[in-house]
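The following exercises are to be worked with the sequence and the coordinates at hand.

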Amino acid sequence: MPTEREAPFFELDEVRRLARKWSIDCGVNVAAKRNERGWTRVQLASLVGTTEATIHRVEAGAVTPRDYLKMAIAAALATPVEQLWPYPDMAKVFAEAAA
């Protein structure tokens, strides 16, 4: 057993900050696509089968929706899920977190 505690590769708080930024960026993507179509949050929510409050939280980056909601939002916006929620480049995430 190691007697010394190893330094973490990155700080968990920094990873949380990066995850929060990713959620916000994805929310901006959803809002931009919705606005391109000239829809309100209420209209998008109706098409998706959720509430305006949920769409608001997604667009604000307050929540990262489950996959089924991501797929429903993307389908309503006729946009690939990956365009709205691009998977972060993990090398960049680790580089930023370790900096």
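Conventions come first, and the exercises with their solutions follow.

This is a predicted model, in which local features need pLDDT of at least 70, side-chain atom pairs count only at pLDDT 80 or more, and totals for chains, interfaces and linings use all residues. Residues are numbered from 1 along each chain as its sequence is written, and side-chain values use heavy atoms, with hydrogens and water left out.

**Exercise 1. Overall architecture**

Task: State how many helices and strands the protein has, and what share of its residues is buried.

Solution. Step 1: helices (H or I, at least four residues) and strands (E, at least two) are taken as DSSP runs, numbered from the N terminus. Step 2: the protein has six helices and zero strands, so that the order of elements from the N terminus reads α-α-α-α-α-α. Step 3: with buried meaning under 20% relative accessible area, exposed over 50% and partly exposed in between (1.4 Å probe, protein chains only), buried residues make up 28% of the 99 residues. Step 4: contact means heavy atoms within 4.5 Å; of the contacts with a separation of 6 or more, 65% join residues 24 or more positions apart.

**Exercise 2. Packing of H2 on H4**

Task: Determine the angle at which H2 and H4 pack and the distance between their axes, then classify the residues in contact.

Solution. Step 1: axes are lines fitted to C-alpha atoms, for helices over the stretch in contact, and angles run from 0 to 180 degrees between N-to-C directions. Step 2: H2 (residues 41-48) and H4 (residues 67-76) pack at about 115°, with their axes 9 Å apart. Step 3: that makes H2 roughly perpendicular to H4, since angles under 35 degrees count as roughly parallel, over 145 as roughly antiparallel, 65 to 115 as roughly perpendicular and the rest as oblique. Step 4: Leu44, Leu47 and Val48 of H2 meet Leu69, Ala72, Ile73 and Ala76 of H4. Step 5: by class, this contact has seven nonpolar, no polar and no charged residues, where Ala, Val, Leu, Ile, Met, Phe, Trp, Tyr, Cys and Pro count as nonpolar, Asp, Glu, Lys and Arg as charged, and the others, Gly among them, as polar.

**Exercise 3. Packing of H1 on H3**

Task: Describe how H1 and H3 pack, and find which residues of H3 are buried.

Solution. Step 1: H1 (residues 12-36) and H3 (residues 52-60) pack at about 120°, with their axes 6 Å apart. Step 2: that makes H1 oblique to H3. Step 3: the contact of H1 with H3 has six nonpolar, two polar and three charged residues. Step 4: the buried residues of H3 are Thr54, Ile55, Val58 and Glu59. Step 5: these lie within an arc of 130° seen down the axis of H3, so they line one face of the helix; the arc is that of the directions from the helix axis to the C-beta atoms. Step 6: their cover includes H1, H2 and H4.
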